[in-house]
Amino acid sequence: MPGKVVAHLLAADGAIPNHRRWPLLVYPAAVVISGPDPAALFEELFTRNGWPAAWRNGVFPFHHYHSNAHEALGIYSGEVTVQFGGDAGVKVVARPGDVIVLPAGTGHKRLASSGHLGVVGAYPEGARPDTCMPPFAHGRKNAAAAAAVPLPSGDPVFGNRGPLFEHWR
């Protein structure tokens, strides 16, 4: 499990609202990759902590965000560089074992990948995420919607007492 979580508070960037109060969280080396189906490690971990695994795939190569749900990404193969927060945001290189937790409204876009990229995506229990894409999204309305999404019941990696609760107050 990770020792340090990296937090990035991202300002709004054009039609991408990001989250007003809660930062993007990066958990380096959160999961030790092993076995014939490493995606299952993330699926079990996320589901156990109240973030049912929703999909296996990659990251879209265009800016998008979810105005009504937080999201967890678990990298199980390959390497990916993602732009978070819009063009003025932060670039993160994620490797197998890393987990990235996005508060609602956080823009994300794949910039590059190498190897066979594999990502497990998850959302808090009961979430039905929308997909908003600038310039078609309504930034102000979606910023208010993202700010209204409640704190999840658990940290996707650590459960009830994870660092998410230290950063998202």
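Which residues are buried in helix α1, residues 38–48? Let's start there. One caution: this is a predicted model.

The buried residues of helix α1 are Pro 38, Ala 39, Ala 40, Phe 42, Leu 45 and Phe 46. Look at the numbers in your sequence. An α-helix has 3.6 residues a turn, so residues three or four places apart point the same way. Keep that in mind when you look at the helix.

What do these buried residues pack against? Four strands: β3 (53–57), β4 (71–84), β6 (99–102) and β7 (108–122). Just after α1 comes Gly 50, with a positive phi of about 85 degrees.

Now the core. The largest nonpolar core has 20 residues. Tyr 27, Phe 46, Val 99 and Val 101 have the most contacts inside it. Two or more residues come from each of β2 (24–27), α1, β4, β6 and β7. Helix α1 gives the largest share of this core, four residues. There is also a second, separate core, with 16 residues. Val 80, Val 90, Leu 102 and Val 119 are included in that second core.

Next, the loop between β3 and β4. Find His 66 there. Is His 66 buried or exposed? Its relative accessible area is 6%, under the 20% cut-off, so His 66 is buried. The side chain of His 66 makes a polar contact of 3.1 Å with the side chain of Glu 71. The His 66 side chain also reaches the backbone oxygen of Asp 130, at 2.4 Å. Leave aside neighbours within four places in sequence, and His 66 still has a list of contacts. Among them are Ala 104, Gly 105, His 108, Tyr 123, Pro 129 and Thr 131.

Stay in that loop and find Phe 62. Phe 62 has 32% relative accessibility, between the 20% and 50% cut-offs, so it counts as partly exposed. Phe 62 belongs to a nonpolar patch on the surface.

Last stop: strand β7, where you will find Gly 115. Why does Gly 115 count as exposed? Because its relative accessible area is 68%, and exposed means over 50%. Now find Ser 77, 38 residues away from Gly 115 along the chain.

Conventions
Residues numbered from 1 in each chain as written. Predicted model: local features only at pLDDT ≥ 70, side-chain atom pairs only at ≥ 80, totals over all residues. Heavy atoms only, no water. Buried < 20%, exposed > 50% of the residue type's maximum accessible area, 1.4 Å probe, protein only. Contact = heavy atoms within 4.5 Å. Patch = residues over 30% accessible without salt bridge, like charges linked within 9 Å, V, L, I, M, F, W, Y side chains within 5 Å. Areas by Shrake-Rupley, 256 points an atom, 1.4 Å probe, with all protein chains shown as cover. Salt bridge = Lys/Arg side-chain N within 4 Å of Asp/Glu carboxyl O. Polar contact = N/O pair within 3.5 Å; in protein donor to acceptor, adjacent residues only side chain to side chain. Core = buried A, V, L, I, M, F, W, Y, C linked by side-chain atoms within 4.5 Å.
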